[in-house]
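Subject: Structure for your files

Hello,

Here is the structure I said I would send. My notes follow below it.

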Amino acid sequence: MKFVEILAPGFEEIEAMSPVDYLRRGGVEVVVAGISAWGEKYSSVIHGAHGIKVECDISFDEYLSSMNGELPDGIIIPGGMPGAANIGANKQILDLIQKMNDAQKFVCAICAAPIVVLAQTGVLAGKQFTCYPGMEQNIAKYIPDPEKINDLMAGSYLNLEKSNVRDGNIITGKGPGAAEEFSMNILKSACGVDVMMKVKTSSVQR
């Protein structure tokens with residue numbers, strides 16, 4: 001299994017690192033691909049929302065060039081602001097998300113990212129999802145046209161009762177405190193219950 005996680009300046013650290021850590025423990029290849037903030041020069045060392053620095057494996061542009069038309073098995077979009085907004089402003093990432101959804105690959109987003117990023121692509125239409133409480137009230141900031149909101153979100157259902165939700169190939173999480181459960185849901189979905197339980201036991205999870 002091969003996953004890619006996208007990092008942008010202002011990402012939520014625990015939401016970004018938890019999936020990478022747990023998936024790699026489960027034997028999944030995870031590439032961390034970085035982008036810059038709009039108009040800024042790219043640096044492989046990206047600053048999170050709380051000042052933690054992470055060095056990416058590769059830039060997103062380099063990652064796209066290396067794909068050779070082969071999609072990864074999954075993509076992970078952490079939340080955090082302005083990290084999610086930086087990702088949502090990148091048309092190439094939005095296009096990749098749409099292609100992956102069309103191919104029924106895993107599309108995973110947590111916290112602000114389901115609204116700020118996924119909603120723009122239409123992949124939430126007809127799906128149950130969760131996000132950081134209150135972010136849904138800001139959807140018009142990222143999709144200004146009310147008619148487009150109706151089309152892109154048609155038949156979707158926001159479930160704030162759950163910390164993380166899987167609906168088909170779409171996996172969403174509520175926020176930083178849900179990062180562990182979100183990550184394990186991705187691992188279980190990608191690799192099965194046995195692998196997930198092995199990682200859960202060895203990492204002494206709750």
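The accessible surface of the protein chain is about 9,500 Å², and carbon and sulfur atoms hold 50% of it (Shrake-Rupley method, 1.4 Å probe). This is a predicted model, in which local features need pLDDT of at least 70, side-chain atom pairs count only at pLDDT 80 or more, and totals for chains, interfaces and linings use all residues. Residues are numbered from 1 along each chain as its sequence is written, and side-chain values use heavy atoms, with hydrogens and water left out.

Of the 206 residues in the protein chain, 51% are buried (under 20% relative accessible area, 1.4 Å probe, protein chains only). Along the principal axes, the C-alpha atoms fill a box of roughly 50 × 40 × 35 Å.

The chain has nine helices and 11 strands (DSSP runs: H or I, at least four residues, for helices; E, at least two, for strands; numbered from the N terminus). One of the helices is α8, residues 179-191, which reaches 18 Å from its first C-alpha to its last, close to the 18 Å expected at 1.5 Å a residue (1.5 Å times one less than its number of residues). In α8, 10 of the 13 residues are buried, including F182, M184, I186 and L187. G192 follows α8 and has a positive phi, near 100°.

Regards

Terms used:
Buried < 20%, exposed > 50% of the residue type's maximum accessible area, 1.4 Å probe, protein only.
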